[in-house]
Amino acid sequence: MNIETPIIIRHVWKYYGKFLANEDINMTVNKGELIALLGPNGAGKTTLVKQIYGELTPSKGEILVLGSKINNKVKKRIGVIPQECTPSGSLTVRDNIYFMAKIKGLDKEKAKKNTEEFLDKLNLRQYEKKMTRDLSGGLKRRVLLAMALVNDPKVVILDEPTTGLDPEARREVWELLAELKKEGKAMLLTTHYLDEAERLADRIYFLNRRIIMEGSPAEIKSKFTTYYEVIDYSSGKTYYVKEEEISQFLNGLKGKFEVRLPNLEEIYLKVMENA
Ligand SMILES: Nc1ncnc2c1ncn2[C@@H]1O[C@H](COP(=O)(O)OP(=O)(O)O)[C@@H](O)[C@H]1O
Ligand SMILES: [Mg+2]
């Protein structure tokens, strides 16, 4: 962890009055890393990300974004899609993107240039003159992504970027996020979809008021693989076998068999149950 780390969260507590929404959160997002903040509704995900992009201030603790506490200068260097945010319906696709570029402090020339670039990059060219209210949900989300990216941010924060999208539109967003990661951006997304976290994230933080667990999808899985599920196809029976006994057990099987690890969904439910 150093000054170059795009997002550093240190011992952050957030109260709404007496209600504790975030308890002692420690977290980092590195360059080129996509972090998923995973947790059920009411877990405090939005509360936490709002403190990162400066809509809320921590009750205790500290957050550094691009090396400093959030301020107007830093705000112009990050890209955000707040939860349940929609583009302005009474503006065209192009104007939504262009005005966001201006809000982010780009000069006229640069704002125009980047608007063009992101219309193409997000395949919005054919809709550029359409009023945004006439677009499908998936297209609106694409416009929001273009708006979040138009200032070429180093840090991208997305609060439930795929909630409410159909499977096809979700996959489209996934592809784009994977591309952004390749470009070296630091990305933080919140989600309650496990498949999404597992597929996209380098690391996952399970949040339920406090951080319950942190690690790569593989690490999290391995922490919970004390048991394997073994399906013996010759007898049709299923066995649960302890890790230290698995090789011996498999040696004793004669026909075809399958061994599986618990999937992330099973782990998630287990973690949340015990939290
Ligand atoms: N402005 C607020 N005032 C009081 N309580 C709030 C406020 N915003 C959120 N909460 C509460 O804080 C908890 C966490 O909310 P939120 O951060 O939105 O969770 P998530 O995004 O994980 O669904 C919830 O219990 C919610 O009701
Ligand atoms: Mg939320």
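Reader: Which domains does the domain assignment of the protein give?

Author: Domain 1 covers 7-216 and domain 2 covers 224-274; such bounds come from an automatic or database domain assignment. This is a predicted model, where local features need pLDDT of at least 70, side-chain atom pairs count only at pLDDT 80 or more, and totals for chains, interfaces and linings use all residues. Residues are numbered from 1 along each chain as its sequence is written, and side-chain values use heavy atoms, with hydrogens and water left out.

Reader: How many residues of domain 1 are in contact with domain 2?

Author: Contact means heavy atoms within 4.5 Å. Here 11 residues of domain 1 touch six residues of domain 2.

Reader: And what area is buried between domain 1 and domain 2?

Author: The size of an interface is often given as the accessible area lost when the parts come together. Buried area is that loss (1.4 Å probe), summed over both parts. For this pair you get about 800 Å², with 83% from carbon and sulfur atoms. On the domain 1 side, Leu194, Phe206 and Met213 lose the most area, together 56% of what that side buries.

Reader: Which elements give two or more residues to the domain 1 side?

Author: Helices (H or I, at least four residues) and strands (E, at least two) are DSSP runs, numbered from the N terminus. Look at helix 7 (194-200), strand 8 (203-208) and strand 9 (210-215). Strand 8 gives the largest share, four residues.

Technical notes
Chains are lettered from A and ligands numbered from 1 in the order in which they are written. Buried area is the accessible area (1.4 Å probe) that two parts lose on being put together, summed over both.
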